[in-house]
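Subject: Structure handover, charged residues

Hi,

Here is the structure for your files. My notes on its charged side chains follow below.

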Amino acid sequence: MKKMMLFIMMIAMTIMILGCTNGTNSDQTDPQSEDNHEDSTEEITDEVEIETSFNHGEWLGQLSNDKAAYEVGETVTFTLALNDEKDFDGKDIIVKYKRLSDTIEEVQLDIIDHQLTWDWTPPEEDFTGYMVEVYLRGQDEMIDHLNIAVDVSSEWTKFPRYGYLSDYGEMSEEEQVAVIERLNRFHINSLQFYDWKDLHHIPARVIDGELASSWTDIANREVLRSSVENYIRLAHERNMKAMNYNLIFGANENYQDDGVKEEWGLYTDPSLEQQDKHPLPDSWKSSIYLMNPENREWQDYMIESQKQVFEHLDFDGWHADQLGHRGTLWDWDGNAVELDQTYASFMNYAKEELDVYMGLNSVSMYGAEEIAKSNVDYAYVEAWGETKYQDLKEIIDFHWEVSDGELSTVLAAYMNYELAGQGNPAEFNTPGVLFTDAVIFAAGGNHIELGENMLGREYFPDKTLSIPDELEHRLIRYYDFTVAYQNLLRDDLIEIEKEVSSENVLITEKPLLSAVWNFTKQKDNKEVHHFINFTDAISLDWKDEMGTQTAPDPRQDLQMSIATDQTVEKVWYATPDHEEGSAIELTFTQENDQIIFELPTLEYWSMVVVEY
């Protein structure tokens, strides 16, 4: 049955592509001249029914676009590298531009070199994701297929895709370009510049009115001004925002020498014998001494320090941090202070004074509601005690509800944490990472995980674990998926209850081992059903501490049933795990207040969309 269904779907897809009317071949690179672009308008009239098998990436190499996101009306430039060991005589490229499951435009490109470049201007519609499908066509068959997504959004905070940087030592231009180019392929639209600063209370080292050429960070690593500036410039060229990282209440030792007063501090006892501090290794520059975020003199001091940062470096915002719940503390007057009650005051004042993008980490949800109701541009949670897959979804749901749908949520969820903590070089576990990303993305959130490497610990420069090639490739598909379908993943959807069942697997409303977790959301005339496959998982702990989570056995041809009393017009599905994330329409029957259809494949995560 599976082979027959796939055969029919591939024939249908091939007929649509072979039978298309050719569009204009725009901005295609001629080996003789970079400015010479040839047009092709040859119309294809023959429709040939053939058996089709796509070898993804065997003939077609790297596919990229020039920016992480685009303004409305801005032109997208694509680049496609071809395998120079293959013969492309008699072959051409078909490009399909799709919004969700609908093709909005198709063009044909002639192959005149082993690298193709062409342009496309998306419809003038803000906050919209697209999937661009690129096919290699031979005489009578489709030979290869790659996809890439495009995000048209005027504000990154609507659909944040947060990455990070953490190394600012001596680097060549080529090295920095390579880092940003890689992150651009994941459509990362904002970067946290982790530990770029000199002192916590004076982040920018300014001498005689000029930013110093170098300084050391909290771990005494060298930071070059040129490296920070170049990264900011390169990020902006790709339409990525640059966020400067710093605590809202931290000061280095001997802070009194810089005009910071002990009276602004927080203390561990009402007798003020011990100022609260976060101890750091002796080899580091200093431990971190805590100040009262609600103290107006401290607020003024810290905000002035931040103004100096924005005066000398072209950052776009402040990614502020805290240290989580620290018990009851006391101010200089002996008053008890609960830190979570001080955050809104600080953030609102800082936003008013700085007028930049602002976000504050809610460590293990500490102060989450107060922060979400303050003047922040996105929600950010470093998950520690929230250890289950269900917890990740609940964090995202919480911020959606408490902000009345205004805030998108970024999760700092460190993978394979104990394995990374052993200090022995190893690789991230692909199944563990993909399960966590599937849950976060399906729930409508974002996972800060990608930078120069991937995050396995809270200290971002740690590179104990490396990314295996398979994971790198699959993460590209996952990030393409989140962009292409962002309007059905995190764009004003509401969660609804639906009765869903299968003849082949157990469907559950909560994540359970040996079952498929399903939840459903709705937008306009569309129901979006998510299926996450825990049938072969050995744990429901998202951290996958030691990298032991197992890969699921892909389930195929699942007989599915969804209850509905409305007339269904269309059913389609997509998955980041197969067919490059392309949307595939499904046949269905509707009777007895339910629709019945066959889900072709479920590996980690599949999304089924029912349109009324």
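A salt bridge here means a side-chain nitrogen of Lys or Arg within 4 Å of a carboxyl oxygen of Asp or Glu. Please keep in mind that this is a predicted model. Side chains of opposite charge can pair when their charged atoms come close. By the rule above, the count comes to 39 salt bridges.

**A pair across the sequence**

Start with Arg238 and Glu181. Their closest N and O atoms are 3.5 Å apart, so the pair falls within the 4 Å limit and forms a salt bridge. Arg238 sits in the loop between helix H3 (225-237) and strand E14 (241-247), while Glu181 belongs to helix H2. The pair therefore ties together parts that are 57 residues apart in sequence. Glu181 has 43% relative accessibility, so Glu181 counts as partly exposed.

**Two buried pairs**

Lys197 forms a salt bridge with Asp195. The closest N and O atoms are 3.0 Å apart. Both Lys197 and Asp195 are buried.

Lys393 and Asp397 also meet through their side chains in a salt bridge, at 2.7 Å from N to O.

**A network**

Some salt bridges link up. Lys158, Asp491, Asp492 and Lys523 are joined in a network of them.

Is Glu603 buried or exposed? Its relative accessibility is 9%, so Glu603 counts as buried. Glu603 lies in the loop between strand E36 (594-602) and strand E37 (605-611). Its side chain makes a polar contact of 3.1 Å with the side chain of Arg474. Another polar contact, of 3.1 Å, joins the side chains of Glu603 and His578.

**A negative patch**

Last, the surface. Glu170, Glu174, Glu175 and Glu222 gather there in a patch of negative charge. Residues in such a patch have over 30% relative accessible area and no salt bridge. One of the four, Glu174, lies in helix H2, which covers residues 173-185. Glu174 has 59% relative accessibility, so Glu174 counts as exposed.

Best wishes

Terms used: Residues are numbered from 1 along each chain as its sequence is written. This is a predicted model: local features need pLDDT of at least 70, side-chain atom pairs count only at pLDDT 80 or more; totals for chains, interfaces and linings use all residues. Side-chain values use heavy atoms; hydrogens and water are left out. Patches are made of residues with over 30% relative accessible area and no salt bridge: like charges are joined within 9 Å, nonpolar side chains (Val, Leu, Ile, Met, Phe, Trp, Tyr) within 5 Å. Accessible areas come from the Shrake-Rupley method with a 1.4 Å probe; for residues, only the protein chains shown count as cover. Lys and Arg count as positive and Asp and Glu as negative; His and the chain ends are not counted. The place of a charge is taken as NZ of Lys, CZ of Arg, CG of Asp or CD of Glu. Helices (H or I, at least four residues) and strands (E, at least two) are DSSP runs, numbered from the N terminus. Buried means under 20% relative accessible area, exposed over 50%, partly exposed in between (1.4 Å probe, protein chains only). A polar contact is a pair of N or O atoms within 3.5 Å; within protein, one must be able to donate a hydrogen and the other to accept it, and residues adjacent in sequence count only if both atoms are side-chain atoms.
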